[in-house]
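Colleague: I would like to learn how to read a structure of this kind. Could we take the features in turn?

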Amino acid sequence: MERKAFLKTLGAGAAFALTFSCLHGCSSDSESGETAPEEEGGVPTGVDITVDLNASTSSNLQNNGGFIFVKSKDKFTETDIIIVRNLQGELVAASKYCSHENNPNILFVNENDGIYECNVHGSRFAQDGTPLNSITSNPLKVFKTEVLANDILRIFEA
């Protein structure tokens, strides 16, 4: 092959490689062009869900110390939330995702007036999300709750 023909071939290949990588780099991972919201420990921001306290799936909340898990869905993610009737009879809710390593293994334990505990590495949290041991200094995500008419529990972020 002559040098001139070789350079023409190389030039076309290089142009193709540059154009292809540019087009690929400029594409969106989402068909709609939307991006997912920032997440904190596996929990999407903007949680605002309701739970019927009279439903059979909520029966564990009838007793102090009882808890259930519910799914919070938005258009990007689905995550688990733990709802607890604490030992004082109040309804509290937190992320099931531990702030230590994002494991979805938070449970409610009837110790020290009731605490959240991760059964993977032993992280422990007060009901307001404050870490209780040195495994993590990151708080557990806790949500606001209010009981609406007809025993509907609203779980939300301010």
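Modeller: Begin with the elements: helices (H or I, at least four residues) and strands (E, at least two) are DSSP runs, numbered from the N terminus. Gly46, for instance, has its place in the loop between strand S2 (43–44) and S3. This is a predicted model, where local features need pLDDT of at least 70 and side-chain atom pairs count only at pLDDT 80 or more, while totals for chains, interfaces and linings use all residues. Residues are numbered from 1 along each chain as its sequence is written, and side-chain values use heavy atoms, with hydrogens and water left out.

Colleague: Is Gly46 buried or exposed?

Modeller: Buried means under 20% relative accessible area, exposed over 50%, and partly exposed in between (1.4 Å probe, protein chains only). Gly46 has a relative accessible area of 60%, so it is exposed. Gly46 and Glu157 are 111 residues apart in sequence, yet 6.0 Å apart in space, C-alpha to C-alpha.

Colleague: How many salt bridges are there?

Modeller: Side chains of opposite charge can pair when their charged atoms come close. The rule here asks for a side-chain nitrogen of Lys or Arg within 4 Å of a carboxyl oxygen of Asp or Glu. That gives six salt bridges. One of them joins the side chains of Arg154 and Asp48, at 2.9 Å from N to O. This pair links distant parts of the chain, 106 residues apart: Arg154 is in strand S11 (residues 152–156) and Asp48 in strand S3 (residues 48–52). Arg154 is partly exposed because its relative accessibility is 22%, and Asp48 is partly exposed at 46%. Asp48, Glu146 and Arg154 are linked in a network of salt bridges.

Colleague: Which side chains form salt bridges with Arg124?

Modeller: Among them is Glu111, at 2.6 Å from N to O. Here Arg124 is in strand S9 (residues 124–125), while Glu111 is in the loop between strand S7 (106–109) and strand S8 (115–118), 13 residues apart. Glu117 also meets Arg124 in a salt bridge, at 2.4 Å. Glu111 is partly exposed at 36% relative accessibility, and Glu117 is partly exposed at 23%.

Colleague: What is the order of the strands in the open sheet of three?

Modeller: Strands of a sheet pair through backbone hydrogen bonds, either parallel or antiparallel. Two strands count as paired if DSSP finds at least two bridges between them. The order in this open sheet is S7-S8-S9, and the pairing is antiparallel. S7 and S9 are the edge strands, each pairing on one side only. Between S7 and S8 there are four bridges; Ile106 has Cys118 in S8 as its bridge partner.

Colleague: How many aromatic pairs does the structure have?

Modeller: A pair of aromatic rings is described by the distance of the centres and the angle of the planes. Rings of Phe, Tyr and Trp (its six-membered ring) pair if their centres lie within 6.5 Å; planes under 30 degrees apart count as stacked, over 60 as edge-to-face and the rest as tilted. A search of the whole structure finds two such pairs. Phe67 and Phe69 are edge-to-face, 5.7 Å centre to centre with 75 degrees between the planes. Phe67 is partly exposed at 24% relative accessibility, as Phe69 is at 34%. Phe108 and Tyr116 are also edge-to-face, at 5.8 Å and 75 degrees, and both are buried.
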